[in-house]
Structure formats: C-alpha cells, structure tokens
Amino acid sequence: MRCGQRPAGSFSSGAARLPRLRHGAAGAGLLRRRGGGSMDEREGDVRWDGLCNRDAAARAAALEHLGQAVLRRGGAAAAPRVLARLLLLAKRCPFRDVREKSEAILSGVQELGIRIPRPLGHGPSRFIPEKETIQVGNEDAMMHTLFAESFATLGRLDNVTLVMVFHPQYLESFLKTQHYLLQMDGPLPLHYRHYIGIMAAARHQCSYLVNLHVNDFLHVGGDPKWLNGLENAPQKLQNLGELNKMLAHRPWLITKEHIEQLLKTEENSWSLAELIHAVVLLTHYHSLASFTFGCGISPEIDCEGGHTFRPPSVSNYCICDMTNGYHGVDDIHASPTTTESVCEVEALMEKMKQLQECRDEEEASQEEMATRFEREKRESMFVCSSEDEESAPTRDVSRHFEDTSYGYKDFSRHGMHVPTFRAQDYSWEDHGYSLVNRLYPDVGQLLDEKFHIAYNLTYNTMAMHKDVDTSMLRRAIWNYIHCMFGIRYDDYDYGEINQLLDRSFKVYIKTVVCTPEKTTKRMYDSFWRQFEHSEKVHVNLLLVEARMQAELLYALRAITRYMT
C-alpha cells in the first residue's frame with residue numbers, strides 16, 4: 001500500500017464529535033428502528049424520541065413518558081416490537097440511565113404476567129465469545145465518548161461498532177467517513193444513498209446490511225415499491241447494476257466504456273460527481289459485507305434472529321441475567337492453548353526475522369520480482385476452501401440485484417486471466433485521492449485517513465509477544481489482497497507472502513475478500529490460533545480497506561481514462 005502523506009487523525013484525547021447532519025437528514029437525535037421507520041415515531045401511546053438526547057434531564061423526561069406509556073392499562077401498550085426495542089436499549093445504550101430505566105420497564109411488564117424477550121446468541125459476534133468483547137457500560141472514558149457520540153448522532157450502537165471498537169482509532173475514522181457518505185451534503189439524495197448500500201450489500205447476500213438500509217431507506221422517504229426488486233427502481237439506479245456486480249466480483253473488467261454508458265444515457269445519465277459518490281458507496285458496502293461475514297456479526301437484538309420470547313431452559317432466569325448478558329447456556333470458551341499453536345507464533349516470528357536479514361543482504365532483480373508476482377497471482381486463483389460450495393441467494397436479498405450467478409467463483413474456476421495493474425501507473429495517493437476530492441470534496445481526505453490508519457495500526461504485539469515490528473506482516477496481508485485483484489507494487493518481493501501467510505490464512509483471506517458469504521467459524525478459528533480476537537479483527541480491517549482501495553483503483557482509473 002502506498003498511503004498518502006497526509007497524517008492520520010489522533011485518538012489521544014477522546015473521540016472527536018461526528019460531523020453534524022445536514023438539515024432534515026435521517027438520524028439526528030432519533031433512535032432508528034430496524035423493523036421499519038424510526039424510533040421517534042409513535043406506536044400507540046409509546047414515543048421514542050428524546051432517548052438519544054445528550055442532555056440527561058431531557059432523557060429523564062423521555063424515559064418517564066416511555067415508562068408510563070408502556071405500563072399503562074396493565075401493559076396493553078407492550079407490543080412485541082416495543083419490548084424488543086426496550087431489550088435493545090437495556091443491553092446496548094451507552095447512556096446508563098436509559099439502560100437502567102429500560103430494564104426497569106421490562107421488569108414491570110414481566111410482573112404484569114407478560115412474557116418479555118431475551119437475547120439470542122452470544123454478543124455482537126458469533127465468532128468471538130461475548131466475555132471477550134467490550135461490554136456496553138464497562139467501556140473506558142475514551143470508548144464511552146465514542147459510543148455516546150455515535151448513539152446520539154446516528155441513533156444506534158450496532159454490532160459492527162461493538163466489534164470494531166477493539167480498535168477505537170480506526171472506528172472513529174470509519175464512523176466519520178460512513179456518516180459523511182450517508183448523511184452530509186453530497187451529490188446524491190439520501191434515499192439513493194441507502195438504496196445503493198442495499199444493492200452493494202445484496203451482491204454478497206449480506207442480509208444484516210440489507211435490512212439495516214431497507215429501514216433507513218424508508219425512514220428518509222424512499223419509495224417502498226423500489227424494495228420489491230431492482231426492476232422497480234428508477235432506470236438510473238438500474239443502470240448502476242452492471243458496475244455494482246463488476247466492482248464486487250471482477251473490478252479489473254471495468255473500462256471507460258462502462259463509465260461513458262452511465263454518464264451519457266440521456267435523461268437517466270449520472271453526473272461525474274454523482275458517479276464518484278455512488279462508486280465510493282458501492283465499494284464501502286462491498287467491503288463492509290466482508291467485515292460483517294469475516295467477523296461473524298450477529299443480528300441486532302431487536303431484529304429477527306436477535307431475540308426470542310420463548311422461555312429459557314433454566315428455572316432461575318431473571319431480568320438481571322438478561323441485561324447482564326446471561327442467555328441461559330454456558331459461555332463458549334476459546335480453544336485451549338496448545339504447543340502447536342504456540343510454535344506457530346514462534347515460527348512466524350522467525351520467518352519475519354529471516355526475511356528481514358535476506359532483505360539486508362541482497363535484493364532480487366526487477367525481472368525476478370515480476371516473476372514472483374505473477375506466480376503468486378496465479379496461485380491465488382486456486383486457493384479455495386474444502387467447504388466452498390454453491391449457494392443460492394435468498395429471494396429477499398437477491399431481488400436487489402440482477403444476474404445472481406455472476407461472481408468471483410466463475411473467474412477462479414475457469415482459470416481466466418487477471419491482467420496486471422501496475423500501481424506505479426495509477427495509485428491512490430497520486431491519482432485516486434485527488435480525483436475523489438475534486439469531485440466529492442473532503443471524501444478523498446476521509447478515505448485516505450481511513451486507509452492510513454488501517455494499514456499502519458499496530459500495538460507492536462503478536463499473540464503473547466510484545467515489542468514486535470509487525471509492518472512486514474501487515475504489508476504481506478495488504479499486498480496479497482491486491483495481488484488477488486491483479487495489482488502489483490514494483491518494490492515488493494511477493495516471495496515473502498508464501499513465507500508469512502500459510503494456507504489456512506490464505507483461505508480465510510480469499511473467502512472474506514472474494515466470497516464473504518461463505519466464511520465460516522471454522523475458517524476464522526483455523527488461522528492464527530494463538531492470536532487474540534482483537535488481532536483477528538485487525539486482520540479484517542486490513543481486508544476491508546485493501547479490498548475497498550483495490551475496487552476504487554479500478555473504477556477511478558476507468559473514470560480518469562474517460563475524462564482524458
């Protein structure tokens with residue numbers, strides 16, 4: 001990766017406030033619901049507005065009104081979706097007063113003889129034991145500031161955030177960028193932004209993200225008919241379908257002719273600024289789908305699959321257990337330390353040391369470096385999991401895109417050639433950054449900061465070892481991903497990749513980046529067995545940003561060629 005020289009933001013003094021919403025934008029001071037509409041709307045006598053207010057007195061008044069409305073008439077106002085929202089607030093609101101009052105309201109409902117919901121699953125990730133994630137209410141001051149700002153401004157504290165917060169400096173940059181793309185002034189109307197997010201996430205059958213943006217789309221006034229299928233959306237959005245599928249699966253096929261077709265389609269044409277906005281959104285949600293599957297993100301508590309009204313299997317279950325994260329079953333424990341997994345770490349560190357010594361002694365010729373790149377690119381095509389199998393997308397997700405059979409698997413299994421993209425000819429910092437910033441001001445800077453933070457993030461640790469320089473390993477991961485997309489850096493020795501990334505790790509990387517919907521817990525568990533979960537989440541941040549940058553480079557190069 002050749003990040004720009006602009007410095008990444010600091011997280012040393014607490015989270016910076018997220019940028020304010022544009023006038024009339026969705027989410028400001030509202031608690032948005034994932035079942036349709038938003039939490040500020042009425043449900044009978046129940047009102048949800050005010051709970052996101054930064055002022056404790058305003059929240060107290062809103063909570064008092066909420067409690068009276070729910071418990072009025074013997075709990076008659078306690079509809080299942082109202083109770084599911086209260087459960088979400090009791091578990092995931094960063095404001096302690098809201099958590100405690102929501103818990104008290106649920107206790108009151110239970111005392112009236114009404115069954116209350118309990119969470120399903122084990123925290124924000126199916127791959128990471130809940131006890132090893134940051135518990136809302138137990139975060140440090142820095143994380144609390146970030147949680148509170150996110151909740152107050154965006155109206156939610158979702159599972160993606162609760163997993164990303166292992167790395168708060170990155171999370172701050174991610175939230176700031178995503179907020180700007182979705183809410184701040186820009187070329188595209190709000191409902192188009194969410195619909196493009198749906199189209200992008202659907203390419204990877206990511207129902208988690210699709211459902212989130214379906215509800216956001218409706219909340220900002222989107223036409224429900226569009227959700228019946230892409231063919232019901234405006235022709236302008238339908239025309240984006242081809243670019244969406246190529247970016248998601250085979251970005252090297254994008255040409256200036258594809259760009260020209262979008263920009264010169266008479267009444268359904270896109271402006272250059274609109275197209276840049278759309279491309280950034282598409283690549284953002286393709287890569288976020290990779291993170292969602294790569295980290296095993298669980299359904300939100302108030303969503304289908306996130307809670308149940310069925311009684312637990314233990315007799316001493318109570319409301320305190322529920323809000324403290326006890327789900328009626330034993331916690332899942334991580335695999336015990338083994339001599340083999342400890343040796344795995346030691347062997348990796350030794351390889352890093354040897355490679356550094358080889359670098360100091362001699363440097364391969366340009367011809368040899370090119371040969372090693374081509375070999376690695378060719379071999380990456382045949383990296384696949386034994387669990388790899390055909391899977392048909394479900395109708396509720398596949399209706400948001402066309403050509404469901406189109407995917408990365410077609411290219412890899414038929415041995416089609418991926419052309420080499422030389423980074424020295426077109427790079428992010430020399431070409432892509434300025435193009436994005438010119439047509440969509442400030443976004444180039446936000447993306448550059450995010451790339452920079454993900455690539456350079458380090459705590460100088462590897463599993464149980466401290467004071468370790470991990471730059472060689474991070475560069476190998478980043479460059480392996482770009483190699484799979486045909487992108488070559490002339491100054492990198494691709495022979496290092498096979499030394500540092502074993503087969504199980506390569507399988508995981510390729511699956512998460514190319515076919516994330518096929519990622520399994522077995523794949524997640526099988527690589528870096530002695531490393532911390534935070535280190536595996538860090539790997540996913542590298543995968544997200546390297547993938548996004550690779551897609552962007554192909555799209556932006558095609559736009560540049562069209563413009564010249």
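Modeller: A word on confidence before we start: pLDDT is the predictor's confidence in each residue, on a scale from 0 to 100. This is a predicted model, where local features need pLDDT of at least 70, side-chain atom pairs count only at pLDDT 80 or more, and totals for chains, interfaces and linings use all residues. Residues are numbered from 1 along each chain as its sequence is written, and side-chain values use heavy atoms, without hydrogens and water.

Colleague: Happy to start there. What is the average pLDDT of the chain?

Modeller: The average is 82, and 79% of the residues score at least 70. Residues 315–337 have pLDDT below 50, with 45 contacts beyond near neighbours in sequence, a contact being heavy atoms within 4.5 Å. Where pLDDT is low, the predicted coordinates should not be read in detail.

Colleague: Why is N460 called partly exposed?

Modeller: Buried means under 20% relative accessible area, exposed over 50%, and partly exposed in between (1.4 Å probe, protein chains only). N460 is at 36% relative accessibility, so it counts as partly exposed. N460 sits in the loop between helix 19 (443–456) and strand 4 (461–462).

Colleague: And what makes A463 buried?

Modeller: Its relative accessible area is 13%, so A463 is buried. A463 lies in the loop between strand 4 and strand 5 (465–466).

Colleague: What is the phi of A463?

Modeller: Phi of A463 is near 55°, a positive value in a residue other than glycine. N460, also not a glycine, has a positive phi of about 55°. Most residues other than glycine have a negative phi.

Technical notes:
Helix = DSSP H or I, 4+ residues; strand = E, 2+ residues; numbered from the N terminus.
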